Amino acid sequence: MTDLTDAHHMRHALTLARRGLGQVWPNPAVGCVLVRNGRVIGRGWTQPGGRPHAEAMALSDTDAQAATAYVTLEPCAHHGKTPPCAEALIAAGVARVVIPLIDPDPRVAGKGVEMLRAGGVQVDMLPAFTAEAEEVNAGFLLHRRIGRPLVTLKLATSLDGRIATASGESRWITGPEARRAVHLMRATHDAVMIGAGTARADDPMLDVRDLGLGHRAPVRIIADGALSLPLTGRLARTAKEIPLWLMHRARVDPLRQDAWTQAGAVLHSVGETAHGRLDPLGLLETAAQAGITRVFCEGGGQLAASLLSAGLVDRLVVMQAGLGLGALGLAAIADMDIPTLADAPCFTLHDVRRLGGDTLSEWRPARP
């Protein structure tokens, strides 16, 4: 049974950890709470860019002698740009460390616990919070375990699954509450991704607005195999202010490459499928190699279909408005060539709620 005091302080630490989501890649978003004699004497969370780490923030200007540290992920044990957090906790005189999760990074992977115990610190696992800690750092854990980021696919549709009218009109299918929720989701992901067709049709900014979180704009990733986007669009005009990554085929016009580089974009070459499209797994692995752990995909239909077909969607968020656009409207998901129901990607409902006049449902991959 979990001690109520331990549970209370671990919940506090997990709440702090969430503050770092979308800001700390390639590092995990960690929270740390220091407690002595039932009183919180220090707290911290991973800072933008991934450092200082949560433990260092909590220990700063704090006498932690004989304190208990509640940390949402095993403290690091390796020397990087900063000394190991396990070492810092030992040096501070912390008596006990409580964690819910071992860090799968091979540079840590239990070594932090070993270092703490060798330094005379009691280390206790809190398995009742392992699932919640994994949820907070699902992107980082996927990145370390299989080499790709977490993918959240968001679809904003009519009742009949359309994202635009037959003439291409799409602003706005969902209402202001749903759009505000999208901006909040962007702010908690490292990158927001769309296909070239959506970028050409909408000329979007893909930034974060209306929430006072403009400083948390994610990296903007465009899957544009031929580097076909116009250099006069808003993405090109803002590439030097908000990071813009273009994922393209190996063989593209070098003049286009030079022009986009001059505009401020970062170019990444990605392999192709047998059908000549960008390989979706290769695209995600390329982003992961550059440090991205959480991707928020906003379509369009072809990119959504490729990710779903490849089994690469970890969170499916569907925002649905109360209108119908008919069969000639643009489908949210392009043709997936599914011959039978048994071949369709399946998801399980995780959450559903109302957003103004719209609904939001979140789905997770159905496991066999």
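Mentor: One definition comes first: UniProt positions are given in the numbering used here, feature names are shortened, and annotations may be inferred rather than shown by experiment. Please also keep in mind that this is a predicted model.

Trainee: Which residues does the "domain: CMP/dCMP-type deaminase" annotation cover?

Mentor: In the unreviewed UniProt entry, that annotation covers residues 4-124. Over this stretch the chain is 30% helix and 20% strand, and the C-alpha atoms at its ends are 14 Å apart.

Trainee: Changing topic, which residues carry the "binding site" annotation?

Mentor: The unreviewed UniProt entry lists Ser-170, Arg-186, Leu-206, Arg-209 and Glu-298 under that name. From this set, Ser-170, Arg-186, Leu-206, Arg-209 and Glu-298 are found in the lining of the largest pocket.

Trainee: Take Leu-206, then. Where is it, and is it buried or exposed?

Mentor: Leu-206 sits in the loop between α8 and β9. Its relative accessibility is 4%, so Leu-206 counts as buried, the cut-off for that class being under 20%. Its phi is near 60°, a positive value in a residue other than glycine.

Trainee: What does Leu-206 touch?

Mentor: Apart from residues up to four places away in sequence, Leu-206 touches Arg-186, Val-192, Ile-194, Pro-218, Arg-220, Ile-222 and Leu-235.

Trainee: Arg-186 is on that list. Where is Arg-186 found, and why does it count as buried?

Mentor: Arg-186 is found in helix α7, residues 176-187. It counts as buried because its relative accessible area is 8%. With residues up to four places away set aside, the contacts of Arg-186 include Val-192, Leu-206, Arg-209, Phe-296 and Glu-298.

Trainee: And Glu-298: where is it placed, and which side chain does it join through a polar contact?

Mentor: Glu-298 is in the loop between β12 and α12, and at 15% relative accessibility it counts as buried. A polar contact of 3.4 Å joins its side chain to that of Lys-154. Among the other residues that Glu-298 touches are Val-182, Arg-186, Val-192, Met-193 and Ile-194.

Trainee: What about Lys-154 itself: which strand is it in, and is it buried or exposed?

Mentor: Lys-154 lies in strand β6 and, at 10% relative accessibility, counts as buried. Beyond its neighbours within four places in sequence, Lys-154 is in contact with Val-182, Phe-296, Cys-297, Glu-298, Val-317 and Met-319.

Trainee: Strand β8 next. How many of its residues are buried, and which way do they point?

Mentor: β8 spans residues 191-195 and is mostly covered, with five of its five residues buried. Ala-191, Met-193 and Gly-195 point one way, while Val-192 and Ile-194 point the other way. In a regular strand the side chains alternate between the two faces of the sheet.

Trainee: Which strands does β8 pair with?

Mentor: β8 pairs with β9 in the parallel sense over five bridges, and Gly-195 has Ala-223 of β9 as its bridge partner. β8 also runs parallel to β12, to which three bridges join it; there, Ala-191 stands opposite Val-295. Together, β8, helix α8 and β9 make a right-handed β-α-β unit.

Trainee: Now helix α6. Which of its residues are buried, and what do they pack against?

Mentor: In α6, residues 138-146, the buried ones are Ala-138, Gly-139, Phe-140, Leu-141, Leu-142 and His-143. They pack against α5, β6, α11, β12 and β13. After α6 comes Gly-147, with a positive phi near 80°.

Trainee: Lastly, Asp-337: where is it, and is it buried or exposed?

Mentor: Asp-337 is in the loop between β14 and β15. At 64% relative accessibility it counts as exposed, and it has a positive phi of about 50° although it is not a glycine.

Note on methods
Residues numbered from 1 in each chain as written. Predicted model: local features only at pLDDT ≥ 70, side-chain atom pairs only at ≥ 80, totals over all residues. Heavy atoms only, no water. Buried < 20%, exposed > 50% of the residue type's maximum accessible area, 1.4 Å probe, protein only. Helix = DSSP H or I, 4+ residues; strand = E, 2+ residues; numbered from the N terminus. Pairing = 2+ DSSP bridges. Right-handed = clockwise from strand over helix to strand, strands pointing away. 1 Å grid on protein atoms, 1.4 Å probe; cavity = no way out; pocket = protein on both sides within 12 Å on 5 of 7 lines; lining within 4 Å. Contact = heavy atoms within 4.5 Å. Polar contact = N/O pair within 3.5 Å; in protein donor to acceptor, adjacent residues only side chain to side chain.
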